[in-house]
Amino acid sequence: MVSQGSPTSLLEALSSDFLACKICLEQLHTPKTLPCLHTYCQDCLAQLAEGSHVRCPECRETVPVPPAGVAAFKTNFFVNGLLDLVKARACGDLRAGKPACALCPLVGGTSAGGPATARCLDCADDLCQACADGHRCTRQTHTHRVVDLVGYRAGWYDEEARERQAAQCPQHPGEALRFLCQPCSQLLCRECRLDPHLDHPCLPLAEAVRARRPGLEELLAGVDSNLAELEATRVVEKEALARLREQAARVGTQVEEAAEGVLRALLAQKQEVLGQLRAHVEAAEEAARERLARLEDREQVARAAAAFARRVLNLGREAEILSLEGAITQRLQQLQGCPWTPGLAPCLLPQLELHPGFLDKNCHLLRLSFEEQQTEKDGGKDGAATQGGAETWNQGEVGAKPEGQSGVQPPCRDGSPTLKEDKAQSPQEDTGALLESGGRSNKKKKFKGRCKSITREPRAALEPNLDSSGLLPRPIFYCSFPTRMPGDKRSPRITGLCPFGPREILVADEQNKALKRFSLNGDYKGLVPVPDGCSPCSVASLQSAVAFSAGARLYLISPSGEVQWRRALSLGQASHAVTVLPGGDRVAVSVAGHVEVYNMEGSLATRFIPGGKASRGQRALVFLTASPQGNFVGSDWQQNSVVVCDGLGQVIGEYKGPGLHGCQPGSLSVDKNGYIFLTIREVNKVVILDPKGSLLGDFLTAFHGLEKPRVTTMVDGRYLVVSLSNGTIHVFRVRSPDS
C-alpha cells in the first residue's frame, strides 16, 4: 500500500497542461501523436489538416497525412492511461454522495447498487463493502488489488493503479492489449492475436519492452548528450553576447570621449584661428590708418602748394610772378622729389585652408594663409621675385601657391567682403586706388602661417557697430572651452555663472544637477557638491560660501557642499536670480518683482521693490547683478527693459529702447568701471550700456562666435565670460579705453 504521507502523486508530478490539447485548449479526446511526438485531439488534427499534409502548431514541422486520414496516426496510449486515471478520480463527488457499486446490479438484479467504499485497481470498478469482501474471496479475483475508495480519490494509489492499468483494444472493447506482433509492430489483444496475426511471431508486452528498452535508452542517451551540447553552446552564445554588449558599451564610451576630445580641440583651434584673424586685421588696419594719415598730410601739402602756384600764374602780374618764381620753383621741385608712397608695407590677405586629412592628435583642420598685395609700382620692381615664388615672412609655417590664384580681399569700409580682381590698375588710378584700399593693390604674393609674429591684442576691428572713437571698452578674445565632462549624462544647460576664487569660474549646469569649477583657461577643477535632488539655477560666490537658487529655495553651502542654511522663496516666479553684493558678505535674490538681501547668517537684511511701492506687481527681474558701485541692475521681463537702481530701490536709469530689437533682455554683467553688458539671446548679441542704463553700442555679435548666448559673468572686473546654449564658454578680455 502506498504511504499516505507521499508528498507527490503521479498526476501532481505532471504539468496541468500535459493532458490539454494545444489546439482546442481542452482535455485531450482520442489523442493522436504526430511523428514529431506532439499530441492533439483527433478531431482537432482533422480540422488542421490541409489536404495531404498537416503542420504541427508547436514545432511548425509539416507531416504527411496517412491515406486513411488523421485517424491512422498513432494513438497515444500513454496519454489515454493518464486520462483514465483522471476520469476515474473525477467520477463522482464524495461530498455530494457516495458513488454506487458497480457489481450490485449484476448480482442482486437491482437497478442501482449500494454506496461504494472500495475500488478494484485491476477491474477499475467501484465496490460496496460486501462486494469488496466477496471480490477478495473468489478464485478469479482474489489476486486483485482492492483499495479504500477515499485513499484512491486522494491519489494515494496512483502509482499502483498505473502498474495494474491495462490498455484497451480499440477494435475489441473490454479486451486488454497483451501482445506485440513483431513483423507488424502492432499491439494486439487476444482476439486480434487469433485472427489475422495467428502465424506472426508475437511477444508478450513485458518481454517486448525488455527487448526494446535498451535501444530506446541508447537513443535517449544520445539525445541527452546532444541536449547537453546544446545547453553548453547556448551558454557560450549568451556569454559571447554579453561580452559583445559590454565591449560595445566600452567602445561607445571611447568613441564619445574621443569625439568630445576632437570637438574640444577643434573648437579651441577655431577660436585660436578667429583670434589670429582678428589680430591680423587689427594690425593691418592700424598700419593702414597710419599710412593713410601720412598720405593725407602729404596730399594736403601738395595740393596747397599747387593751388598757390596756379593762383600766382593765373592772377599775378609779371613782376609778382618773377619775384616768387624762385620760391615756387624750389617748393615744387621739393614736392616732386618726395616719395608719394612712403613706408608702404605689404598687406597680407587672410585665406582659410582646410586640411581634413590632418585630424591628428593636434586636430589641425583649420589653418590660415596670407597673400601679399603690393602696389603696381612695387610689383614692377619685384616682378621677377613674384613670378619665381612667394616671398617669405616670419609667419610660422610658410609655403607658396601657384601665381594667379584668386582670393578674398579684406572687408570694405562698410564691413562687407569683396572679391579680388586679377586685372592690374592703370598708373593714373594708382593714387586713388591706394587711398581707397589703404595702400593695397591687386598684385599679390602668397604666404602661409599661423600669425606667430603678430603680438598685438586682437579686437573686433571688422565689427561696424562698435564706437570708432576708442572711448568704449573693446573685446579681446581670450579662450573658449566646452563644459561637458565625460561623466555627464546629458548635454549641459548652463543657467548660472559666477567668479570663484582667483581666475576661476563656477558653472551651474541645471541639466546635470551640478556646480562645475573651471579655470579661466578652461581647465576642469572638479565639482562643488550640492544637496541631492537640487538642480542649481543661478549661482553666486561669497567670501567663503556659495549661494544658489534651486526651485523655490535659496541655498548657502560651503565649498565642500555642507548646507549652512536654506530659505524658501515665493512660488510666483519660475526662476530666481542670485548675485553677490560688493564686499562679498551679502547675497541678493530676485523674488516675485522685488529684491531680498540676506547676510551670511541667513537673516533678511533688506527688501525693496525697484521703483518703490508704486511699482508693486509691475516688475519681474529674471536676471540680476550688482555693480562695484553698489547699484543693482536687472532684466525686467514685465516691462521689457533694463532697470538700474541703488541699494534702496530708487531707479537711477531704465532702458527699453530699440537697441533690444524687440527681444526680452537677458543676462547682465558689470565691469569695474560700471559699464553694463547685456545679453540679447535672440539676435546673438551682447550690447554695452553706460552705468545709468543708456545704450552705447554693440560689444559682441555673431562675428565673435556668439550663437544663442545664455548667461554671462565678469571675472576680476576685466574678463567677460559668456556661455552658449550648446554648453560652450567664450572668454573675452574687456579692454578699457584708458588701457
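Visitor: Which helix does Leu 230 lie in?
Guide: Leu 230 lies in helix H9, residues 205-315. Keep in mind that this is a predicted model.

Visitor: Is Leu 230 buried or exposed?
Guide: Leu 230 counts as exposed, because its relative accessibility is 56% and the cut-off for exposed is over 50%.

Visitor: Where does Leu 25 lie?
Guide: Leu 25 is in the loop between helix H1 (10-13) and strand E1 (31-33). Leu 25 is exposed, at 65% relative accessibility.

Visitor: What about Thr 30, what's phi there?
Guide: Near 55°, again a positive value in a residue other than glycine. Thr 30 is found in the loop between H1 and E1, and it is partly exposed, with a relative accessible area of 35%.

Visitor: OK, sheets now. In what order do the four strands of the open sheet come?
Guide: E32-E33-E34-E35, with antiparallel pairing. Strand E32 (668-670) and strand E35 (695-700) are the edge strands, each pairing on one side only. On average, neighbouring strands of this sheet are turned by 30° against each other, direction ignored.

Visitor: How many bridges do E32 and E33 pair over?
Guide: Three, in the antiparallel sense, with E33 covering residues 676-680. As for Ser 669, its bridge partner in E33 is Phe 677.

Conventions: Residues are numbered from 1 along each chain as its sequence is written. This is a predicted model: local features need pLDDT of at least 70, side-chain atom pairs count only at pLDDT 80 or more; totals for chains, interfaces and linings use all residues. Side-chain values use heavy atoms; hydrogens and water are left out. Helices (H or I, at least four residues) and strands (E, at least two) are DSSP runs, numbered from the N terminus. Buried means under 20% relative accessible area, exposed over 50%, partly exposed in between (1.4 Å probe, protein chains only). Two strands pair if DSSP finds at least two bridges between them. Axes are lines fitted to C-alpha atoms, for helices over the stretch in contact, and angles run from 0 to 180 degrees between N-to-C directions.
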